[in-house]
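Subject: Structure handover

Hello,

Here is the structure for you to look over. My notes follow below it.

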Amino acid sequence: GAPQLSGTAGALVSILDACLIDGFGLKSVDSLVVASNVATMTISTGHPYEVDSVVLVAGATPSSLNGEWRVTEIGTNTVKFATTGISDQTATGTITSKFAPLGWSKLSGSTSTITAYKSTNVASPGHYLRVDDTGTVEARTVGYETMSDINTGSAPFPTAAQQSGGLYWHKSSTADSVSRNWVVIGDDRLFYLWVVPRDATTVTSQGIVFAFGDFIPQGSTDLFNTVLMGKTQNSSSDQYPYCLFRSYQTETNSRQTVAPRSFNGIGTATQLATYSDATIFNGNASNSGFWGIAYPNGPDNGLIVSKIVL
């Protein structure tokens, strides 16, 4: 039930709508039974969920079973989740389930190709992401501190001087309806979008990472802790993980990481540098430590990561 990413107008908006606003993969539930603080949902037609998927249940009586639940166990036709505090019973009603959306809102007047998204979390600064998905192989993205309609916003980031027309979020290397791999990871304040613009049959694990939302501020008075990550070039032929993982400097010739203002609230859009403790010189002088610690790490066969500092 997931929307498909392709080199067609509106393909990215359909994915963002599904993941941020609407949810997807609607299924009819045959039965929902609670026993010993565990709910078992039976779906005779099968289901797409995995352990740790978050499902949105609707139409159940008692109403306490409606809402978001994190999957703890799956079978071919069954899904289980913890329901502490709900008494043993069999739910009634016309019950449905689907992948839960992240909980964002969409600006009134949005269309299937041009829209603006905003966090609904009351702790968020509430900045907007405008997505122009009228193109085929890429969309254009700009953040705004406020917006009065889909075409009018104040304090853009990046500014027109920094990146005319906004940053590029790539969909496909060719303008066609061939499906491309994508992943959205997020919550109601920040999401990452990972895409593989090239043919999914030949390139599966590499990709480009984009992001929008609130990062953790270093100071309590920082009201502009929103980040937009995207590319500055309209070529999607480079499939490597730009925008997030090359974390050692400010780079504007191929990508930008930008906030609406500096931490002090003064001025306009500010380009950010990304740093990480895991970015350590690896002996390759030509890369100057660019790629960080090798994976797998020799001593423990692990993946060493650390928080990104902006």
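Which residues make a nonpolar surface patch of about 250 Å²? Val183, Ile185 and Tyr192 make it. Patches here are made of residues with over 30% relative accessible area and no salt bridge, with nonpolar side chains (Val, Leu, Ile, Met, Phe, Trp, Tyr) joined within 5 Å and like charges within 9 Å. A salt bridge is a side-chain nitrogen of Lys or Arg within 4 Å of a carboxyl oxygen of Asp or Glu. Tyr192 lies in strand β17, residues 190–195. Tyr192 is partly exposed, at 32% relative accessible area.

Some ground rules. This is a predicted model, where local features need pLDDT of at least 70, side-chain atom pairs need 80 or more, and totals for chains, interfaces and linings use all residues. Residues are numbered from 1 along each chain as its sequence is written, and side-chain values use heavy atoms, without hydrogens and water.

Now the whole chain. The protein chain has one helix and 23 strands (DSSP runs: H or I of at least four residues, E of at least two, numbered from the N terminus). Of its 310 residues, 45% are buried (under 20% relative accessible area; exposed is over 50%, partly exposed in between; 1.4 Å probe, protein chains only).

Last, confidence. Mean pLDDT (the predictor's confidence in each residue, 0 to 100) is 87 for the protein chain, and 85% of residues reach 70 or more. pLDDT stays under 50 over residues 241–250.

Best wishes

Methods. Contact = heavy atoms within 4.5 Å. Areas by Shrake-Rupley, 256 points an atom, 1.4 Å probe, with all protein chains shown as cover.
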